[in-house]
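Dear colleague,

Please find below the structure I promised to pass on, together with its sequence. My notes on what was found follow directly after it.

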Amino acid sequence: MDDRRVLTGKHFMNGDEACAEGALAAGCSFFGGYPITPSTEIAEHLARRMPEIGSVFIQMEDELASMAAILGASAAGARAMTATSGPGLSLMMENLGLAIMLEIPCVIVDVQRGSPSTGLPTMPGQSDVMQARWGSHGDYAIVAYSPWSVQEMFDLTILAFNIADRYRTPVIMLCDEVVGHMIERLVIPPSDQIEIWNRKLPKESDNGRCDPFRALGNDLVPPMMHAGEGYRVHFTGLTHDEHGYPVMSAKTHHDLVTRLVEKIEHNAEYLIRTEGYWLDDAEIVVVAYGCTARSAQRAVREAREEGISAGMLRLISLWPFPENLFQDLGKTVKTIIAAEMNLGQISREIERTTGRPVHGVYHAGGEMIPPEPILRAIRGADR
Amino acid sequence: MSRVKIAKKHPLDSIIRADRMPHIWCPGCGIGIVMRCYAQAILDSGVPADQHVVISGIGCSGRVAGYMNIDSYHTTHGRAIPFAVGMKLAKPELMTTVFSGDGDLAAIGGNHLIHAARRNVDVNVICVNNFNYGMTGGQVGPTTPRGARGTTAPYGNPELPFNLPYLLAAAGANFVARWTTIHVRQIRDDILYAFSRPGFTFIEVLAPCPVGFGKSNNIDDGLEEMELYRQRCVLVRDGDVSQDDLNIDLREEKPIYIGRFEDRDRPPYEAIKVETA
């Protein structure tokens, strides 16, 4: 059964399928989802694959139910995932808040399409970036990754599960239709080379002080206690104390919400992933992520060939935002260009953290931003 | 002078969280009666309490999860059932019960309710039906009789209510029963029976909500509503009542049909397993 779970070897497949294989390689044993373009191949692939390896695939009645189902499965100990696109992500916002409040690990894959509303179902977008960060009501912090290749659809899905379990938090995979549907080479390593981080569980040494919402360590992550393990836990979406009991007090609320936010923000250095190209002497830096980073990389390469000191910063993680990195960048480079398939979402974060205006190369979505407008922006900044 | 004696032990001490008492329910509320029947059924089930799990949505009945001393999940409004479905499929050895109210299960959660019944997932639902949204102060809901008053229907409810037993039977549940809060033995017995039945089960319990529903509808207190149940309840077998007769209107002198309305063996949902060479 195990060699069916990790399909070690070289493959040629699309990003959605690679994401599904990444989930299986990470040990995902429960998928609850609702079909939606352009993420459907994830569900279809898992519907075929999960029954082969004793894992559960269920197609739910909607995205509200999908999100609730993966939380129930994860609360019982399963590594659980759902996959959707913008309209579904909107519906999942309700129980995303529950996942934050109950600190239930899970992975939500959003293969972005042109939005808002029904938008462009079969065409790409990157406009769910702020919804991923702020979409559910209340103060919270989130973790989100943005793959730019089929290989990263696989690799980052494994990372997403590991981060979700390690920090007891939902993790969003902010993919886009281009990366979801393009077909590339995928290398799946042997199963013993796939790193798995387990959930923090109650320890003997805790001397019975273990509570499902009491963080004993500096990481602010409480141990996870699952249904059926004899702890007789209480998990509630109401403001609760460390034992899990509801407490309607301003202090309890402030302490809880602050810890939930700091759990992500104080651990940001372990969550953030970025990649730099030609950055060492760069005076003009293009910031991009997902499929747009592929165009940005080419634009920057061509700018270099023209003798322009351009570089690229690729955001592999979008949330938490790498504030320190941008504060430094803002002090050293001449121009920051942000290329994204929306009308300026991550660029707001760049402006907030650098205190400087960003030159945006934006498109509302529907087609991948080609290298040319990015290259033109670089040339313009070089004048 | 007589002295009040307080018992040191109660047979349900191990199943109810005494440290969460007093509960939030109003005098005359029926939810505690149903919770007690559920607790008794857990004790009598022969299934270890650590294997029982209760999942609730939002509302007064949703607070049951917080008072049961078993693994308990108080989820979002209407989403208790899909949460329970995920939990049951991930860990089939759990005895998974959803305990919630009519508004939570049949209005905001109505789609999940019928789809879980259609799939026939092995989840037991206990639905306390008090004909209104009690926690928020007596608004009309999907079970409020036409003409009855609520704070959001001051001139009388213009809508027709759901008839929950027929809805659930039509949707595909394996077992459907309706009782009232005077039927404590039958409630306990049918919860026990539901534990033993594979597939989706649904037990509706009519319960007084004197503050939310009673006060707007000329029912003075919980006791008066219990007396109405006692006078009007008619036991049916094999669902031999017409659909219209199953509708309830406490303000009319007509029978309230109770009992088991469905008990069958549709195959329960099981995750697909495929043997590979």
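A crossing of two helices is called left-handed if the near helix is turned anticlockwise from the far one by less than a right angle, and right-handed if it is turned clockwise. With that convention in place, the crossing of helix 1 of chain B and helix 7 of chain B is right-handed. Please bear in mind throughout that this is a predicted model.

Confidence in the model

The model has an ipTM of 0.97 and a pTM of 0.97. For chain B, the mean pLDDT is 94, and 98% of the residues in this chain reach 70 or more.

The helix pair in chain B

Helix 1 of chain B covers residues 31-44 and helix 7 of chain B covers residues 184-196; the two pack at an angle of about 45°, and their axes are 8 Å apart. That angle makes helix 1 of chain B oblique to helix 7 of chain B. On the helix 1 side, the residues that meet helix 7 of chain B are Ile33(B), Val34(B), Cys37(B), Tyr38(B), Gln40(B), Ala41(B) and Asp44(B). Their counterparts in helix 7 of chain B are Val184(B), Ile187(B), Arg188(B), Ile191(B), Leu192(B) and Phe195(B). Sorted by class, this contact has 10 nonpolar, 1 polar and 2 charged residues.

The two domains of chain A

Chain A is divided into domain 1 (2-193) and domain 2 (276-382). The centres of these domains of chain A, taken over C-alpha atoms, are separated by 26 Å. In chain A, 25 residues of domain 1 are in contact with 22 residues of domain 2. Which element gives the most to the side of domain 1 of chain A that touches domain 2 of chain A? Helix 6 of chain A does, with 4 residues. By class, that side of domain 1 of chain A has 17 nonpolar, 6 polar and 2 charged residues.

The contact between the chains

The contact takes 38 residues from chain A and 33 residues from chain B. On the side of chain A that touches chain B, at least two residues each are supplied by strand 2 (30-33), strand 3 (56-59), helix 4 (63-75), helix 5 (86-102) and strand 10 (234-236) of chain A. Helix 4 of chain A gives the most to this side, with 9 residues. The class count for the side of chain A that touches chain B is 22 nonpolar, 10 polar and 6 charged residues.

With kind regards

Methods:
Residues numbered from 1 in each chain as written. Chains lettered and ligands numbered in written order. Predicted model: local features only at pLDDT ≥ 70, side-chain atom pairs only at ≥ 80, totals over all residues. pLDDT = per-residue confidence, 0-100. Axes fitted to C-alpha atoms, helices over the stretch in contact; angles between N-to-C directions. Parallel < 35°, antiparallel > 145°, perpendicular 65-115°, else oblique. Contact = placed C-beta atoms within 7 Å. Nonpolar A, V, L, I, M, F, W, Y, C, P; charged D, E, K, R; others polar. Domains from an automatic or database assignment.
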